[in-house]
Structure formats: structure tokens, C-alpha cells
Amino acid sequence: MAAVKLATVWLGGCSGCHMSFLDMDEWLIELASRADLVYSPIADVKEFPPGVDICLVEGAVANEDNRHLARVLRERSRVVIAFGDCAVTGNVTALRNPLGVALEVLQLAYLRPHEEHARIPDDRTVVPVLLDRVMPLHAVVPVDYYLPGCPPPAERIRQLLSDLLDGRRPEQTADRISFG
Ligand code: SF4
């Protein structure tokens with residue numbers, strides 16, 4: 001049987017969710033025997049590949065690069081999981097939303113009154129263009145499963161991945177998602 005193609009994606013997040021993924025410790029060995037990691041910040045792959053079976057997405061959608069990647073991964077993945085509170089609700093990444101639209105946020109961050117040469121970075125090859133509002137993943141593309149938590153505990157990541165690898169499709173309704 002062909003190995004499941006697994007991807008993990010890092011959008012607007014702190015990478016803490018990926019750290020929790022690594023906390024699955026020895027279960028990672030079992031996972032490696034059943035799934036090929038075809039795209040991830042911990043694998044040197046530049047292009048999100050087609051035909052992905054399961055994709056874990058950490059982080060909110062905060063800039064144009066995030067939004068583009070979210071659309072690509074949705075097109076190319078069978079199951080998309082909003083991985084952690086930033087992907088599920090916006091969480092920490094969305095704390096900038098009350099400060100205003102992108103330009104107002106950038107002005108607050110970069111244009112300090114006493115810094116004469118301060119300027120907003122505008123090299124799009126270095127700094128992705130901020131969206132006016134940070135959005136949870138489901139506001140941009142359909143999501144199949146939610147793994148809330150900041151970060152989600154390793155045990156719950158393992159449980160959901162085991163279910164999916166074993167061909168089970170756990171039902172997730174709002175009252176059954178546990179926020180731990
Ligand atoms: Fe980091 Fe928490 Fe957001 Fe995960 S949910 S990316 S741990 S802030």
C-alpha cells in the first residue's frame with residue numbers, strides 16, 4: 001500500500017504548533033513508517049506538491065503569501081486540518097486586527113516619532129504584503145478538521161492523525177472539539 005502523503009504548513013504562527021508535533025516523540029517513528037512527509041518547514045521542499053492526503057496548517061492567514069499558499073494547499077490536499085488556535089480562530093496572530101488596517105499597523109510598527117530615517121520596508125521579495133485583516137484558515141479556504149489549542153497537545157495531534165491514517169473519519173462538531 002502506498003504511503004500516505006503528509007504535509008505540514010507554517011502560515012502566520014510562532015511554530016509552537018510544529019514543536020508540539022515533534023513532541024509526539026516515538027510515535028513519529030510509526031508515523032514515518034506510514035506516511036511520507038512531502039512538504040513541511042522541517043523538510044527542504046520549495047513547492048507545495050499535488051496529491052497530498054493530509055495537510056496540517058499552523059498559523060493564521062496574515063499576508064498575501066499566506067493566502068496564496070492556503071489556496072494552493074487546499075487545491076492539492078484531500079484533508080486539511082486547521083492546526084492550533086491561530087489557524088482555528090486567528091488567536092495571537094490576529095491581535096493586530098484592532099490596531100487598524102495593514103498600513104496603520106505598519107506605521108505603528110516602523111514609524112517611531114524620534115527615528116529620523118525610519119521607513120516601512122517595501123521590498124516585496126523580502127517582506128510579504130500584509131492583508132488588512134488577519135483571518136483564520138476557514139475564512140479563506142474550506143477546512144476539514146480543527147485541532148484547537150495553543151499549541152494543541154501532542155496526544156490530540158497523534159489521535160487525529162491515527163484516526164485518519166487508519167481510515168477513520170472522526171466527526172467534528174463544535175460541541176465535540178475539545179479545547180485543551
Ligand atoms: Fe504559536 Fe499558539 Fe499560534 Fe500555535 S496556536 S502558532 S503555538 S501562538
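Asp144 touches Arg74, Arg78, Val79 and Val80, with residues up to four places away in sequence left out; contact here means heavy atoms within 4.5 Å. Asp144 lies in the loop between strand E6 (130–135) and strand E7 (145–147). Helices (H or I, at least four residues) and strands (E, at least two) are DSSP runs, numbered from the N terminus. With a relative accessible area of 34%, Asp144 is partly exposed, because buried means under 20% relative accessible area, exposed over 50%, and partly exposed in between (1.4 Å probe, protein chains only). Asp144 and Ala82 are 62 residues apart in sequence, yet 7.9 Å apart in space, C-alpha to C-alpha.

The structure is a predicted model, in which local features need pLDDT of at least 70 and side-chain atom pairs count only at pLDDT 80 or more, while totals for chains, interfaces and linings use all residues. Residues are numbered from 1 along each chain as its sequence is written, and side-chain values use heavy atoms, with hydrogens and water left out.

The protein as a whole may be considered next. It has 6 helices and 7 strands, and from the N terminus on its elements run β-α-α-β-β-β-α-β-α-α-β-β-α. Along its principal axes, the C-alpha trace of the protein spans about 60 × 35 × 30 Å. For 180 residues, a compact globule would have a radius of gyration near 16 Å, and the 18 Å of the protein agrees with this; the radius is taken over C-alpha atoms, and the globule rule is 2.2 Å times the number of residues to the power 0.38. Of the 180 residues, 44% are buried. Among contacts between residues at least 6 apart in sequence, 79% join residues at least 24 apart.

The interior contains nonpolar cores. Such a core is a set of buried Ala, Val, Leu, Ile, Met, Phe, Trp, Tyr and Cys residues joined through side-chain atoms within 4.5 Å. The largest has 23 residues, of which Val9, Leu11, Phe48, Cys55, Val57, Leu73 and Leu137 touch the most other members. Strand E1 (4–10), strand E2 (35–39), strand E3 (52–58), helix H3 (64–76), strand E5 (77–83) and helix H4 each supply at least two residues of this core. Its largest share, 4 residues, comes from H3. Apart from this core lies another, of 21 residues, among them Leu6, Ala35, Ala154 and Leu161.

Beyond its neighbours within four places in sequence, Glu64 is in contact with Arg124, Val129 and Leu131. His68 is likewise found in helix H3, and His68 is exposed, with a relative accessible area of 55%.

Around the ligand stand Gly13, Cys14, Gly16, Cys17, Glu58, Asp85, Cys86, Asn91, Val92, Gly149, Cys150 and Pro151; a residue is near a molecule if one of its heavy atoms lies within 4 Å of it. Helix H1 (16–22) and helix H4 (85–89) each supply at least two residues of this shell. By class, the shell has 6 nonpolar, 4 polar and 2 charged residues. Ala, Val, Leu, Ile, Met, Phe, Trp, Tyr, Cys and Pro count as nonpolar, Asp, Glu, Lys and Arg as charged, and the others, Gly among them, as polar.
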